[in-house]
Amino acid sequence: QQLIDSAEIYYKKSLRYYPKYSSDESALATVYSNLVGISVGYGNFDLAEEYAANALGVYTRQKDTMKIAGVLANLGSICMYKRALDKSNDYYFRAIDLLEGNTDLKALEIKALTFDNISQIYSLKDDYKSGYDYLFKSITMDKLLMKKINQNKITEIKAKYNVSKDCLLYTSPS
């Protein structure tokens, strides 16, 4: 708790000094994003929503699709906490739409979590069929994510093995 309080103090100081001492918009957006998490942790959802809107503005100017999708998913969660379920789903579906066709690890992670959250929204609305359908999409996305992570690990291990094998060939005495 004390660490979070300290982080909040320094993040808010960063906001006060921006742009006087720094014009790094990426750092500014990161500060806003971190303040979203802190505000949610304290249950201050209105403030979290405000910080998220600020981060979204920066990421939109930078055209950073992945981070825009992440903030939209966070806004969806904030609205879910506030029981604004339709608004929550709107944010979640906007995040999913932005990541359509993107299969890199971070995109798959965001999509899996977002589909899971959408399933919770439908469950809260007593639409269990739709909730199940989105839960199934979440699980499918999670499996794809795990498969890609494992493929990356195997590729990395093979590369290290080949380098190690090549080093042994070149260093062995003739």
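1. Leu75 touches Glu49, Ala52, Leu56 and Tyr91, with residues up to four places away in sequence left out of the list; contact here means heavy atoms within 4.5 Å. The model is a predicted one, in which local features need pLDDT of at least 70 and side-chain atom pairs count only at pLDDT 80 or more, while totals for chains, interfaces and linings use all residues. Residues are numbered from 1 along each chain as its sequence is written, and side-chain values use heavy atoms, with hydrogens and water left out.

2. Leu75 and Val71 have the most contacts inside the largest nonpolar core, which has 28 residues. Such a core is a set of buried Ala, Val, Leu, Ile, Met, Phe, Trp, Tyr and Cys residues joined through side-chain atoms within 4.5 Å, where buried means under 20% relative accessible area, with a 1.4 Å probe and protein chains only.

3. At least two residues of this core come from each of helices H2 (25–41), H3 (45–62), H4 (65–81), H5 (85–98) and H6 (105–124), and the largest share, 9 residues, is supplied by H4. Helices are DSSP runs (H or I, at least four residues) numbered from the N terminus.

4. Another core, of 13 residues, lies apart from the largest one and includes Met80, Leu85, Tyr92 and Ile118.

5. Ser138 belongs to helix H7 (residues 128–171), and Ser138 counts as buried because its relative accessibility is 4%. Not counting residues up to four places away in sequence, Ser138 touches Ala112, Phe115 and Asp116, and a polar atom of the Ser138 side chain lies 2.9 Å from the backbone oxygen of Ala112.

Key: Buried means under 20% relative accessible area, exposed over 50%, partly exposed in between (1.4 Å probe, protein chains only). A polar contact is a pair of N or O atoms within 3.5 Å; within protein, one must be able to donate a hydrogen and the other to accept it, and residues adjacent in sequence count only if both atoms are side-chain atoms.
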